[in-house]
Amino acid sequence: MTNFKTLDDADVAGKRVLVRVDLNVPMSDGVVTDATRIERVAPTIQELSKKGAKVILLAHFGRPKDGPESQFSLEPIAHAVAKVIDHSVHFAADTIGEKAAEAVGKLKNGDVLLLENTRFHKGEEKNDPEYVKALAANGDLYVNDAFSAAHRAHASTEGLARVLPAYAGRTMEAELKALEKGLGAPKRPVVAIVGGAKVSSKLDLLGNLVEKVDALVIGGGMANTFLAAQGVKVGKSLCEHDLAGTAREIMAKANAANCTIILPVDAIVAWHFQANAPFQAYGLDAIPEDGMILDVGPQSIERVKAAIDDASTLVWNGPLGAFEMTPFDKATVAAARHVAERTKAGHLVSVAGGGDTVSALNHAGVADDFSYVSTAGGAFLEWMEGKPLPGVDVLKK
Ligand code: AMP
């Protein structure tokens with residue numbers, strides 16, 4: 001990852017370092033219920049503090065509409081950060097102006113300060129140069145460790161990198177390295193697995209992948225749309241019949257780009273959309289009219305495993321079936337475990353991400369065995385869609 005400056009390139013001792021982090025954590029009654037996002041940025045905060053920086057954290061929280069709203073204050077989160085990094089965290093009730101300047105002025109080397117929600121000022125989401133300037137007044141250097149917010153060109157995610165020397169934090173660095181291995185400069189053959197509910201939400205993603213990967217496995221509800229477009233009768237399955245033309249276009253685009261599309265060859269059919277509903281495997285020529293496809297079938301699982309065996313690099317978004325309900329998690333779990341085994345054996349670089357994908361891999365108990373699992377929802381999907389990420393592009397040397 002030579003085209004980004006990292007903390008290895010920064011001399012931070014005694015400097016005021018503005019660090020953009022993702023603290024958009026789930027809360028209930030003022031208490032953080034899942035500290036995963038804080039844990040992810042902890043190494044960067046701790047490293048900067050140990051190196052003697054004055055660490056000033058910037059983050060957004062929720063979607064305040066009209067200036068400060070107490071329910072979106074970051075103040076309670078300062079305590080949660082302190083707990084995770086095992087170091088005291090000061091708090092200032094504004095990101096700019098006197099309150100921020102006073103708190104920053106009091107910092108000693110190694111101290112950590114969290115500023116209030118960046119979105120309490122309209123200039124944040126507008127990337128207003130005046131707001132950027134006011135933020136920058138409190139910093140000598142800028143570190144972005146919030147990949148998950150990098151698809152947005154906001155003042156604290158993009159603007160600051162234009163006016164201060166800018167570096168990728170450790171989490172950002174790890175994410176960018178993993179993504180580079182996934183689709184940037186991957187070892188071929190590259191196989192993508194895309195599943196989930198609907199084609200309509202993943203058109204850009206499919207369109208980009210067919211041009212970048214050697215084989216594309218399509219599963220989940222969206223596979224039904226592709227099958228129906230080829231004349232398969234899918235009964236009462238989730239299916240976007242109006243997108244048959246789009247599905248055929250994607251297949252033609254794949255063909256032109258020498259990307260093999262791997263669709264299910266059989267299906268697990270149930271008659272009720274609920275856990276442990278009675279089910280049966282069917283070939284594609286025999287899907288019952290009154291049934292619903294809730295998972296890919298056993299022969300399809302074998303095909304997916306063979307595709308994984310052929311791959312040196314794998315990218316994955318979306319489950320192969322309705323994995324939240326047993327036994328319709330079977331294909332997703334089997335494929336995930338196979339990817340994990342191939343990765344552990346050193347045959348595969350595996351990168352996965354997107355909300356449901358992370359829970360599916362956790363459900364399969366293998367998230368830690370993938371090369372990289374991104375918890376950045378929107379930013380990860382936009383990366384898979386091949387869209388530029390402003391917060392990343394601006395960090396390029
Ligand atoms: P997405 O957010 O697009 O990745 O979709 C994930 C959702 O797709 C999960 O909630 C799955 O239960 C659902 N899903 C996957 N396969 C099917 C299927 N064959 N029928 C209905 N829902 C499905």
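**Entry 1: the domains.** I began with the domain assignment, which gives domain 1 as residues 7–173 and domain 2 as residues 186–384. I kept in mind throughout that I was reading a predicted model. I then looked up the centres of domain 1 and domain 2, taken over C-alpha atoms, and found that they are 37 Å apart. In the contact between them, domain 1 takes part with six residues and domain 2 with nine residues.

**Entry 2: the interface.** I noted that the size of an interface is often given as the accessible area lost when the parts come together. For domain 1 and domain 2 I wrote down a buried area of about 600 Å², and carbon and sulfur atoms give 55% of it. Which three residues supply more than any other three of the area that domain 1 buries against domain 2? They are Arg40, Phe147 and His151, and I recorded their share as 74%. I also looked for salt bridges across the interface of domain 1 and domain 2, and the rule finds zero.

**Entry 3: helices α5 and α6.** Next I turned to helix α5, residues 129–136, and helix α6, residues 155–163, whose axes come within 9 Å and cross at roughly 75°. Angles of 65 to 115 degrees count as roughly perpendicular, and α5 and α6 are therefore roughly perpendicular to each other. On the α5 side I listed Tyr131, Val132, Leu135 and Ala136, which meet Ala155, Ser156, Gly159, Leu160 and Val163 in α6. Sorting the residues of this contact of α5 with α6 by class, I get seven nonpolar, two polar and no charged.

**Entry 4: helices α9 and α10.** I repeated the exercise for helix α9, residues 220–229, and helix α10, residues 244–256, and here the axes come within 8 Å and cross at roughly 90°. From α9, the residues Thr225, Phe226 and Ala229 meet Ala244, Ala247, Arg248, Ile250 and Met251 of α10. By class, I noted six nonpolar residues, one polar and one charged in the contact of α9 with α10.

**Entry 5: details of the backbone.** Where does proline 189 have its place? I found proline 189 in the loop between α7 (170–184) and β9 (190–194), and the bond that joins arginine 188 to proline 189 is a cis peptide bond with omega of about 0°. I wrote down another cis peptide bond from threonine 326 to proline 327, with omega near 0°, and proline 327 lies in the loop between β15 (313–317) and α12 (330–344). My last item was aspartate 29, which has a positive phi of about 50° although it is not a glycine; I located aspartate 29 in the loop between β2 (27–28) and β3 (31–32).

Conventions. Residues numbered from 1 in each chain as written. Predicted model: local features only at pLDDT ≥ 70, side-chain atom pairs only at ≥ 80, totals over all residues. Heavy atoms only, no water. Axes fitted to C-alpha atoms, helices over the stretch in contact; angles between N-to-C directions. Helix = DSSP H or I, 4+ residues; strand = E, 2+ residues; numbered from the N terminus. Contact = heavy atoms within 4.5 Å. Nonpolar A, V, L, I, M, F, W, Y, C, P; charged D, E, K, R; others polar. Domains from an automatic or database assignment. Buried area = accessible area lost by both parts, 1.4 Å probe. Salt bridge = Lys/Arg side-chain N within 4 Å of Asp/Glu carboxyl O. Parallel < 35°, antiparallel > 145°, perpendicular 65-115°, else oblique.
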